[in-house]
Amino acid sequence: MGEGYSSHFPPSFAAAIRGLPIGEALIGTCGAAIYQGRPVMCADVEHSMEWAAPWRALCLDNGIRGCYSYPAMGPGGKAVGSFFLCFSEAREPDDWERRVAEFGALAAGIVVERDRAAARLRNEVFALARLQELSAELVGPGEFEPLLKKILAAAADISGTDKGNIQIFDPVKKTLRIVVHQGLGARLVAHFLEDGWDASCGEAAKQVQRLVVPDVEKLEGLQGTLGLEIVVEDEIRSIQCTPLVSRDGRLLGMLNNHYRWAGGPTPEALRYIDLLARQAAELIERHHRELERAQERRRKDEFLAMLAHELRNPLAPLRNMLEVQKRAEGDAALTRKARDVMERQLLQLVRLVDDLLDVNRITRGKLELRQQPLLLESVIQQAIDVCRPVLDQQRHRLHVVLPDLPVSLVGDAARLTQVFGNLLTNACKYTPSGGDIEVRAVVADGSVEVVVKDNGLGIPAGQLDEIFEMFTQVDRTLERAQGGLGIGLMLVRQLVQMHGGTVQAHSDGLGEGSEFRVQLPLKVALAESVQTQAPAASALSRRILVVDDNEDVAQSLATLLELEGHETRSAYDGAEALKATEQWHPEVILMDIGMPGMSGHEACRRIRQRDGGQQVTIIALTGWGQDGDREHSKQSGFDAHLVKPVDIADLQMVLSSNMRQDGLP
């Protein structure tokens, strides 16, 4: 070696270098070589003013008068260190020393990269083991928060920290809520518990994109805030925030790690954090699905219990009043009272079944509107007539305020009657006896708004939107006492939307009454084309064959028709209907569809094929009432299609018309 050359640093010099802060340690030739990526020389340490005084003093104290540093390069041409030669006299290195430094730097770069590669491999193995362990646990039915804590702990371990949290996004409040955390101070958790929407996590959540904050003290959103004070107090210098996203792109929450040093996690750590974020997102989605299924099961169980309760309600008075009729023994007043009660309860039972069928049709997309020109006043009056027994029974005062001029629109009269009937029924149920109910209609801006208002029990603010959901009721304890299945308002919303309108609920809270606003578009309809309800025509006496495999249904309807002045006979299957038609020659046949052996469709087709079969009026009387069922009846040769249980007035209307000419209603 050359004169004054030393093969190693003086121990005191090496110790001093290791003890210096990184910024001061890199101010000398070593640091210059690393930063500049080229060899750096100082031929006279004592008199070279380009170097900082602390560095020169350290060298002189350790007998170093000259030095030469060659950068050790890693992959990609980036310096990873330097090979440093010290001289005991002020001079430049000779050619051989320069080659030694170059070779030493090359070897140092190889060693550093080998050690770093080994460290990366160890980290990879560690990270993969943690991921495999977590994946096995997430497949099972583990509890939600403990599993989230394990994901958070894995993210912290992989990225070399012990601090972090996982937040859940609330799409209603638009906030992030901390659900699990580790290594964070109580003050920080309390301050950011339901915050985090304006700083680092919130910014990442808004953009649904990962954000790494290399230095929290330079984060503009926290400058001069209590939040920054708390973060710094918790020894946090940098943060990574990774969004948790559902498979359809919805924000579910955030996976955040906090570091005591500037810069944040390495790119390799972020790659594994992405995998952990995917696991956390799938866990949250699964948790949400389980909550929804549990809620659906709870609602279904409550609904079935409610259905059993509500079906028994009308059956009990029906049975009681049937027994009263048996024992009335000519008491006309008592018989009339029993009949009125039975009629009301039967209508309630029919309405419950109709609501259930309508829900089924809506959920299957099978409900269709039969739109025609109509008068709003007529629809509202029909709804009032439907609810009149309940209004009178509860002694409610009904106030109706309608526009002076008739309001014509296009819609399904039966369905709109159902809408306003359900709202009126709802008002009757939730208003104590003797309450006030108002129906008000106002025309403005090409639409009509119908308001149904009461001074009853009111609706809590948090349930104003929920009450339109399936099987949702304001107060189930009260509902059990008042009756109902919790599907009436759902039907209202669906039917109004099918008419192109909207419905909204308003209440100032419990005890403050409720208000429902239905807005419907006004479509052009000629006044003369608006159909008004014609008075029921009196039916002429007809020979009517009633066909139904349920003998009680057939005989009870036949008896009712005889009381109306008709001549009747009954048949209990398709074959018997064919025989009775050939022998008795009825003018009208009321035919059930779903009969064993020969269906009503087949029996109708065979009757039409016989002599005189085209002159007979054949009416389907069945429990199947969808549009497809009506079309099937028409193709089979039926003149009309009525749904059980049929109102006698509606049946008389059909019987009084010449259906062979008028066509299928």
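**Notebook: a few local features**

I began with leucine 106, which I found in helix 5 (residues 95-139); helices (H or I, at least four residues) and strands (E, at least two) are DSSP runs, numbered from the N terminus. Before going on, I noted that this is a predicted model, where local features need pLDDT of at least 70 and side-chain atom pairs count only at pLDDT 80 or more, while totals for chains, interfaces and linings use all residues. Residues are numbered from 1 along each chain as its sequence is written, and side-chain values use heavy atoms, with hydrogens and water left out.

Is leucine 106 buried or exposed? I read a relative accessible area of 53%, so leucine 106 is exposed (buried is under 20%, exposed over 50%, partly exposed in between, with a 1.4 Å probe and protein chains only). Together, Phe103, Leu106 and Ile110 make a nonpolar surface patch of about 360 Å². Patch members have over 30% relative accessible area and no salt bridge; nonpolar side chains (Val, Leu, Ile, Met, Phe, Trp, Tyr) are joined within 5 Å, like charges within 9 Å. A salt bridge here is a side-chain nitrogen of Lys or Arg within 4 Å of a carboxyl oxygen of Asp or Glu. The areas come from the Shrake-Rupley method with a 1.4 Å probe.

**Threonine 161.** I placed this residue in the loop between helix 6 (144-158) and strand 4 (163-170). Threonine 161 has 10% relative accessibility and therefore counts as buried. What does its side chain meet? A polar atom of that side chain lies 2.6 Å from the backbone oxygen of histidine 258, and a polar atom of the side chain also lies 3.3 Å from the backbone nitrogen of lysine 163.

**Rings.** How many aromatic pairs does the structure hold? I have 2 on my page. In one of them, tyrosine 259 and tryptophan 261 have ring centres 5.4 Å apart and planes at 50°, so I wrote the pair down as tilted (centres within 6.5 Å for Phe, Tyr and the six-membered ring of Trp; planes under 30 degrees apart are stacked, over 60 edge-to-face, the rest tilted). Tyrosine 259 is buried at 0% relative accessible area, whereas tryptophan 261 is partly exposed at 38%.

**Aspartate 234.** I found this residue in the loop between helix 9 (226-233) and strand 7 (238-245). Aspartate 234 counts as buried, at 13% relative accessibility. Its C-alpha atom is separated by 7.4 Å from that of leucine 188, 46 residues apart along the chain.

Terms used: Polar contact = N/O pair within 3.5 Å; in protein donor to acceptor, adjacent residues only side chain to side chain.
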